[in-house]
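Hi,

Here is the structure I said I would pass on.

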Amino acid sequence: FLHAHQPAPDPQSDRAAHAVDRIIADPTITRVATLAHHLGTNVRTLQRLFADHVGIGPKWVIRRYRLHEVTERLATGTPIDWPTLATDLGYADQAHFTRDFKSMFGESPTHYAERY
């Protein structure tokens with residue numbers, strides 16, 4: 001019954017899913033403008049696509065996956081050079097990285113790292 005009443009595929013949903021997949025697969029994407037360029041669109045169109053089909057903005061998704069890289073690096077047990085990591089993740093400075101990390105995880109990266 002449900003298959004008979006399934007809505008037609010939405011190409012915009014597929015496009016949004018592709019954009020998220022691109023963010024996950026390419027750690028060099030640290031800015032919405034870069035993602036828009038890779039997808040052959042403009043920033044505003046990308047923002048509308050995410051608002052309609054993801055429910056959050058592309059900037060938040062990019063930030064979330066870049067900060068997830070921190071937890072992956074911590075899991076390896078390798079000591080972290082915080083300023084270099086901040087630069088690798090596309091932040092202008094360590095303070096900006098720390099603010100984003102704290103807003104996402106509720107604590108500073110060094111306090112978070114102490115638990116590993």
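Predicted model: local features only at pLDDT ≥ 70, side-chain atom pairs only at ≥ 80, totals over all residues.

What follows is a walk through the helix packing, the cores and the salt bridges.

**Helix 2 against helix 3**

I started with helix 2 (residues 32–39) and helix 3 (residues 43–53). Their axes are 9 Å apart and the packing angle is about 95°. With that angle, helix 2 counts as roughly perpendicular to helix 3. On the helix 2 side the contact uses V32, A33, L35, A36 and L39, and helix 3 answers with V43, L46 and F50. Sorted by type, the residues of this contact come out as eight nonpolar, no polar and no charged.

**The cores**

Some of those names come back in the largest nonpolar core. This core has 13 residues, and the ones touching the most other members are I23, L35, L46, F50, V61 and I62. Helix 1 (11–25), helix 2, helix 3 and helix 4 (58–75) are the elements that each give two or more residues to this core. Helix 1 has the largest share, with four residues.

Leaving aside residues up to four places away in sequence, I62 touches I23, I29, T30, R31, V32 and L35. There is also a second, separate core of twelve residues, and L74, L85, A86 and Y91 are among them.

**Helix 4 against helix 6**

Helix 4 and helix 6 also pack at about 95°, here with the axes 11 Å apart. That again gives a roughly perpendicular pair, helix 4 to helix 6. From helix 4 the contact takes W60, R63, R64, L67, V70 and T71, which meet F97, D100, F101, S103, M104 and F105 of helix 6. The make-up of this contact is seven nonpolar, two polar and three charged residues.

**Salt bridges**

How many salt bridges does the structure hold? I get three, and here they are one by one.

D100 and R63 meet through their side chains, with N to O at 3.9 Å. Since D100 sits in helix 6 (residues 94–105) and R63 in helix 4, this pair ties together parts that are 37 residues apart in sequence. If you use a 4 Å cut-off for a salt bridge, this pair at 3.9 Å falls inside it. Is D100 buried or exposed? D100 is buried, at 13% relative accessible area. Beyond its neighbours up to four places away in sequence, D100 touches R63, L67 and Y91. Y91 is also one of the residues in the second core.

The next pair is E69 with R66, where the side chains meet at 2.7 Å, N to O. This one stays inside helix 4: the two residues are three apart, about one turn of the helix. E69 and R66 are both buried.

The last pair is R73 with D88, whose closest N and O atoms are 3.7 Å apart. R73 is in helix 4 and D88 in helix 5 (residues 82–88), so the bridge links distant parts of the chain, 15 residues apart. Both ends are partly exposed: R73 has a relative accessible area of 33%, and D88 has 46%.

Setting aside residues up to four places away in sequence, R73 touches T78, I80, L85 and D88.

**Out at helix 7**

Finally, a look at E114, which is placed in helix 7 (residues 109–114). E114 is exposed, with a relative accessible area of 61%. For a sense of scale, the C-alpha atoms of E114 and Q47 are separated by 36 Å, and the two residues are 67 apart along the chain.

That's what I have so far.

Cheers

Definitions and conventions: Residues numbered from 1 in each chain as written. Heavy atoms only, no water. Axes fitted to C-alpha atoms, helices over the stretch in contact; angles between N-to-C directions. Parallel < 35°, antiparallel > 145°, perpendicular 65-115°, else oblique. Contact = heavy atoms within 4.5 Å. Nonpolar A, V, L, I, M, F, W, Y, C, P; charged D, E, K, R; others polar. Core = buried A, V, L, I, M, F, W, Y, C linked by side-chain atoms within 4.5 Å. Buried < 20%, exposed > 50% of the residue type's maximum accessible area, 1.4 Å probe, protein only.
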